[in-house]
Amino acid sequence: MAFSNPSSLLSSSCSVCSKLNPLLFSTQRRRRIPLSRSYYVCLRSRRFATVAGMGDSSVFTSPEVAKAFDFTAEERIYKWWESQGYFKPTFERGSNPFVVSMPPPNVTGSLHMGHAMFVTLEDIMVRYHRMRGRPTLWLPGTDHAGIATQLVVERMLTEEGIKRVDLGREEFTKRVWEWKEKYGGTITNQIKRLGASCDWSRERFTLDAQLSRAVVEAFVKLHEKGLIYQGSYMVNWSPNLQTAVSDLEVEYSEEPGALYHIKYRVAGGSRSDYLTIATTRPETLFGDTAIAVNPEDERYSKYIGQMAIVPMTFGRHVPIIADKYVDKDFGTGVLKISPGHDHNDYLLARKLGLPILNVMNKDGTLNEVAGLYSGLDRFEARKKLWSELEETGLAVKKEAYTMRVPRSQRGGEIIEPLVSKQWFVTMEPLAEKALQAVEKGDLTIMPERFDKIYNHWLSNIKDWCISRQLWWGHRIPVWYIVGKDCEEDYIVARSSEEALAKAHEKYGKTVEIYQDPDVLDTWFSSALWPFSTLGWPDVTAEDFKKFYPTSVLETGHDILFFWVARMVMMGIEFTGTVPFSHVYLHGLIRDSQGRKMSKTLGNVIDPLDTIKEYGTDALRFTLSLGTAGQDLNLSMERLGSNKAFTNKLWNAGKFVLQNLPPQSDLSAWKSIQDIKFDVEESLFKLPLPECWVVMKLHMLIDAVTMSYDKFYFGDVAREIYDFFWADFADWYIEASKARLYPGGDSAASVARAVLLYVFGNILKLLHPFMPFVTESLWQSLPNREEALMVSAWPLTSLPRQTETVKKFENLQALTRAIRNARAEYSVEPAKRISASIVANSDVIQYISKEKEVLGLLSRLDLQNVSFTESPPGDASRSVHVVASEGLEAYLPLADMVDISAEVDRLSKRLTKMQNEYDGLIKRLSSPTFVERAPEDIIRGVRQKAAEAQEKITLTRNRLALLQSTDLVSNQA
């Protein structure tokens with residue numbers, strides 16, 4: 001912000017205000033004078049012009065005008081940033097780009113604390129590197145969320161009395177696009193509310209034409225390499241959605257259920273020859289193809305090699321086999337093998353060459369294999385089957401059992417293991433390269449402990465089922481020949497035209513083709529996100545050349561496998577390099593008690609409601625205090641504390657602004673600007689408090705810059721918080737009043753320069769965490785020539801001197817010691833007392849120079865403060881405090897208290913304390929109490945007695961000191 005022409009800023013009424021209120025523009029100490037809001041608006045326009053003045057001057061408010069930061073200004077500030085083009089990468093100050101791909105939230109999503117967490121952390125990284133001068137791109141977008149979006153639209157249609165199948169695929173897809181256009185921007189607008197400085201001109205959607213082209217290209221290339229195949233395998237089936245879902249999309253929960261014990265008679269044996277199996281899903285017995293026992297289980301060894309009769313199947317026989325896989329100590333030690341409906345049974349059947357029977361339809365009803373139970377829902381069939389087993393005498397017992405139930409992460413329904421024809425990606429060769437990326441150091445995962453989890457999953461990876469039986473998503477680019485076997489005769493192509501041309505070439509001009517009805521798993525397109533969003537497969541695209549590979553991938557640790565590992569594999573496969581060099585994993589957000597947030601518990605905290613009450617900056621700062629990979633417990637108390645931090649910043653800004661010289665005082669401003677804080681000679685000449693706070697700032701800049709670079713964001717937040725609150729606000733601002741209030745000498749000019757320098761740098765360091773309040777305060781300061789978010793990061797390795805820091809720490813220790821003595825003797829806050837400071841000559845030399853600061857901070861009577869190398873003559877009538885080794889103070893008691901009144905008060909207090917102590921001792925001396933009372937009660941009474949005795953001793957010592965002082969005074 002450059003100085004503006006006063007004549008152009010002042011109206012006649014403002015000029016009158018200036019003349020009537022000269023105190024606000026003088027260098028004399030300013031009194032607290034209540035003034036109207038209109039006066040302050042006038043004052044601000046007179047004093048400083050802002051960057052916002054180049055555009056909309058209503059964007060920002062100043063601490064001189066507003067009592068507190070107005071949260072409603074956040075949206076105005078955000079729109080102003082965006083209108084200025086600040087979110088777009090620029091190569092003006094650097095050539096090494098910093099690039100982050102936003103984890104695309106579901107287009108159906110609504111903002112929750114998980115979103116708030118990733119937006120906060122990624123925006124911190126982006127804003128920091130932007131200020132460091134790097135071309136910075138944060139590329140946003142949303143995911144089409146195949147299952148979730150289709151569910152939402154189907155429910156909407158159900159309310160209208162319409163079924164998806166009645167509409168047909170084309171019309172249904174059209175309805176989904178209409179829904180997306182109407183509601184799909186909700187999550188984007190909510191993310192903006194958090195201050196996300198993304199380049200929205202590059203916003204992507206996973207079903208955009210460019211990204212869809214990338215998806216098709218990826219499928220074709222993988223198929224050409226033999227890494228995509230079609231086959232019938234065991235998958236996780238969602239009967240309601242009627243689609244396969246990934247292993248990673250299945251959540252297991254402990255739920256009450258039942259264990260059913262059923263008799264399987266041995267064929268050809270007597271009525272006593274039977275095997276009892278225990279199962280939680282009796283309806284799957286229609287798919288049994290064998291009964292297995294452990295070969296070392298003597299109870300059943302005689303039946304191995306015989307046949308068992310499957311109940312309720314009209315005598316269907318299955319072999320009784322032996323396999324070490326069977327745990328003879330679990331249940332009855334007998335295992336029914338249903339390969340079509342259990343993952344483990346399926347693998348065992350393939351090993352042993354057993355047939356696979358499927359007894360279930362895609363909608364969860366039993367099929368014709370179940371005979372009389374055909375058409376029944378799986379859970380209805382379970383009830384009916386058990387009832388009829390009881391009637392036939394084949395039911396042994398039913399007992400309560402806690403089951404590990406697989407549920408769909410999307411719909412919540414119970415998943416059914418089912419053999420189904422699907423498309424798969426062979427993962428092992430892709431995983432091998434992803435493992436090497438971490439091993440070679442090409443990819444760093446933070447925190448490091450997730451390396452083991454990443455390595456374990458990739459080392460034991462299964463082939464990826466990528467087909468989904470949905471209508472919303474990327475259609476699988478496979479076409480079949482009408483009249484031909486689908487598994488043998490199919491064409492993979494980039495378009496229907498290409499597919500038809502290939503079909504004509506191979507099968508003749510008369511053939512007809514049709515496309516596979518399935519779509520690809522949503523995670524397939526998400527796996528391409530870091531490079532498809534930048535133009536791939538067009539490797540000559542400008543964005544791809546400039547910004548790929550990206551820098552950091554930040555996301556929750558819970559999708560390390562869902563997304564992160566797959567992006568690494570696909571990035572290496574298609575671009576030859578890892579898609580990002582660092583992965584930063586954040587934890588989950590829990591409530592204040594450490595519980596997962598859920599609607600059931602009623603502990604969900606809405607980010608938008610939180611922003612309204614506490615402000616975006618307080619929420620962001622709170623979320624940033626976590627540690628990488630660890631869950632964060634979020635409490636309202638912590639949010640309230642950080643809202644107070646926002647207010648403290650605002651009030652500090654108000655103090656700085658109120659104590660700057662008027663704009664017209666060019667001489668005063670020249671004095672301020674002449675002080676060079678980056679030059680040792682100039683810095684070391686500053687008075688002790690000023691030199692100390694500047695050096696502490698320089699140390700802070702180095703520390704937080706290092707922490708930023710190491711992704712230690714929680715450390716950054718705490719270090720800045722501590723410096724601002726403890727060093728700057730509590731100590732330096734208070735100390736500066738000793739310079740500012742007496743008058744307009746050079747000391748005041750130095751203090752103003754230091755206040756402006758330190759506060760401005762605090763705003764820079766804190767901006768990535770709290771962008772709104774820091775930008776607003778920055779705009780209020782003089783001589784701001786650009787917005788804070790694009791201003792240069794503070795220089796590092798600036799001058800500092802540990803000796804100066806230690807000297808001021810001595811001054812702090814002396815102040816604290818005097819304050820503690822005042823508190824101990826209940827001295828009235830406004831009362832000024834005398835003091836004799838005792839130290840060696842070196843210490844006295846620098847402490848005495850800050851007599852006014854010490855007097856202000858400790859409330860001393862400056863006319864009666866002395867500095868000596870030996871104790872004063874009235875030492876016996878003074879309170880002696882030791883600040884540090886070689887630095888002491890003697891505070892005359894007569895200055896601090898009314899000795900006679902204090903003697904009387906302490907005497908009464910001592911009598912009361914002695915009575916209480918005697919009562920405790922009497923209780924402990926009672927044999928009845930000691931013998932009958934619980935040990936913890938006795939221990940508590942003893943502790944109270946010890947504490948009471950200690951207080952009595954302290955009170956007696958103080959009373960003795962007062963009485964001796966009183967006696968000396970009377971004798972005098």
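A residue counts as buried when its relative accessible area is under 20%. In this predicted model, buried residues make up 54% of the 972 residues in the chain, and both Phe-60 and Trp-80 belong to the buried class.

**Overall form**
- The chain contains 35 helices and 29 strands.
- Its radius of gyration is 39 Å, whereas the globule rule gives 30 Å for 972 residues, so the chain is more spread out than a compact globule.
- The C-alpha trace spans about 125 × 90 × 55 Å along its principal axes.

**Contacts, surface and charge**
- Of the contacts between residues at least 6 apart in sequence, 76% join residues at least 24 apart.
- The chain has an accessible surface of about 43,500 Å², and carbon and sulfur atoms account for 49% of that surface.
- There are 117 positive and 122 negative charges in the chain, and their mean positions lie 4 Å apart.

**Aromatic pairs**
- A pair of aromatic rings is described by the distance of the centres and the angle of the planes.
- The count of aromatic pairs comes to 49.
- One of them joins Phe-60 and Trp-80 edge-to-face, with 5.2 Å centre to centre and 85 degrees between the planes.
- Phe-60 lies in the loop between helix H3 (37-47) and helix H4 (73-83), and Trp-80 lies in helix H4, so this pair ties together parts that are 20 residues apart in sequence.
- Phe-711 and Phe-713 also form an edge-to-face pair, at 6.0 Å centre to centre and with 85 degrees between the planes.
- Phe-711 and Phe-713 are both buried.

Methods
Residues numbered from 1 in each chain as written. Predicted model: local features only at pLDDT ≥ 70, side-chain atom pairs only at ≥ 80, totals over all residues. Heavy atoms only, no water. Helix = DSSP H or I, 4+ residues; strand = E, 2+ residues; numbered from the N terminus. Rg over C-alpha atoms; globule rule 2.2 N^0.38 Å. Buried < 20%, exposed > 50% of the residue type's maximum accessible area, 1.4 Å probe, protein only. Contact = heavy atoms within 4.5 Å. Areas by Shrake-Rupley, 256 points an atom, 1.4 Å probe, with all protein chains shown as cover. Lys, Arg positive; Asp, Glu negative; His and termini not counted. Charge placed at Lys NZ, Arg CZ, Asp CG, Glu CD. Phe/Tyr/Trp six-rings, centres within 6.5 Å; stacked < 30°, edge-to-face > 60°.
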